[in-house]
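Subject: Structure for you to look at

Hello,

Please find the structure we talked about below. Have a look at it first, and then read the notes that follow.

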Amino acid sequence: VTISDYWRFWAEVAPRRIVSLSTPSATAHDSPPLEETMAVCEEDPVKGVIADERRIQLTKALLSLPERDRQVLALNYYEGLNLRQIGEVLQVTESRVSQIRSRALRRLRDCAALAEATL
């Protein structure tokens with residue numbers, strides 16, 4: 001190997017980082033070792049890819065919802081508020097919150113069905 005080849009190779013490899021599979025990452029002290037993380041991955045990589053694609057589609061569907069629909073879903077599912085509490089936050093009736101939530105879920109189901117058809 002010539003000196004120029006050596007330095008070219010070194011320039012390609014230098015930015016790479018060697019990672020231990022059995023010890024926690026130095027940047028995340030509370031993270032599990034990589035081998036444990038990999039062990040919980042799906043046995044079938046195709047299922048993992050499909051699950052990732054579904055998450056991407058769900059994210060896109062959520063982002064396509066009107067702001068109020070997203071807000072109702074977030075308050076209900078993320079914050080754990082019931083419809084009456086959401087109504088108080090948004091200053092609308094519990095019935096209106098139910099309508100908004102139903103509409104949002106219907107839109108998400110439609111997006112999910114469309115995404116499922118393309119997978």
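Accessible areas come from the Shrake-Rupley method with a 1.4 Å probe. By that method, the accessible surface of the chain is about 9,400 Å², and 59% of this surface belongs to carbon and sulfur atoms. Please keep in mind that this is a predicted model.

Overall picture

The chain has 6 helices and 0 strands. Read from the N terminus, the order of elements is α-α-α-α-α-α. Of its 119 residues, 15% count as buried. If you take the contacts with a separation of 6 or more, 44% of them are between residues 24 or more positions apart.

Salt bridges

How many salt bridges does a search of the whole structure find? The search finds 4.

Start with Asp69 and Arg103, whose side chains meet in a salt bridge with an N to O distance of 2.4 Å. Asp69 is in helix H4 (residues 67-78) and Arg103 is in helix H6 (residues 94-118), so this pair ties together parts that are 34 residues apart in sequence. The two ends of the bridge have their own surroundings. Asp69 has a relative accessibility of 0% and therefore counts as buried. Arg103, at 24%, counts as partly exposed.

Asp69 also meets the side chain of Arg107 in a salt bridge, here at 3.3 Å from N to O. This pair again links distant parts of the chain, with Asp69 in helix H4 and Arg107 in helix H6, 38 residues apart. Arg107 counts as partly exposed because its relative accessibility is 34%.

Another salt bridge joins Glu88 and Arg84, where the closest N and O atoms are 2.8 Å apart. Both residues lie in helix H5 (residues 83-90), and they are 4 residues apart, about one turn of the helix. Is Glu88 buried or exposed? Its relative accessibility is 53%, so Glu88 counts as exposed. Arg84 is partly exposed, with a relative accessible area of 43%. As for networks, salt bridges with shared partners join Asp69, Arg103 and Arg107 into one.

How H4 and H5 pack

Helices H4 and H5 pack with their axes 10 Å apart, at an angle of about 135 degrees. That angle makes H4 oblique to H5. The crossing in which H4 passes H5 is right-handed. On the H4 side, the contact is made by Arg68, Gln71, Val72, Leu75 and Asn76, and on the H5 side by Ile86, Val89 and Leu90.

Leu83 belongs to helix H5. With a relative accessible area of 22%, Leu83 is partly exposed; the cut-off for buried is under 20%. Which residues is Leu83 in contact with, leaving aside its neighbours within four places in sequence? They are Glu94, Val97, Ser98 and Arg101. Leu83 and Arg101 are 18 residues apart along the chain, and their C-alpha atoms are separated by 8.9 Å.

Next is Ala115, which you will find in helix H6. Its relative accessibility is 10%, so Ala115 counts as buried. Between Ala115 and Ile56 there are 9.9 Å in space, C-alpha to C-alpha, although the two are 59 residues apart in sequence.

Most residues other than glycine have a negative phi. In Gln91, however, phi is positive, near 60 degrees, and the residue is not a glycine. Gln91 counts as exposed because its relative accessible area is 73%.

What to check

- Look at Glu88 and Arg84 within helix H5.

Best wishes

Conventions: Residues are numbered from 1 along each chain as its sequence is written. This is a predicted model: local features need pLDDT of at least 70, side-chain atom pairs count only at pLDDT 80 or more; totals for chains, interfaces and linings use all residues. Side-chain values use heavy atoms; hydrogens and water are left out. Helices (H or I, at least four residues) and strands (E, at least two) are DSSP runs, numbered from the N terminus. Buried means under 20% relative accessible area, exposed over 50%, partly exposed in between (1.4 Å probe, protein chains only). Contact means heavy atoms within 4.5 Å. Axes are lines fitted to C-alpha atoms, for helices over the stretch in contact, and angles run from 0 to 180 degrees between N-to-C directions. Angles under 35 degrees count as roughly parallel, over 145 as roughly antiparallel, 65 to 115 as roughly perpendicular and the rest as oblique. A crossing is left-handed if the near helix is turned anticlockwise from the far one by less than a right angle, and right-handed if clockwise.
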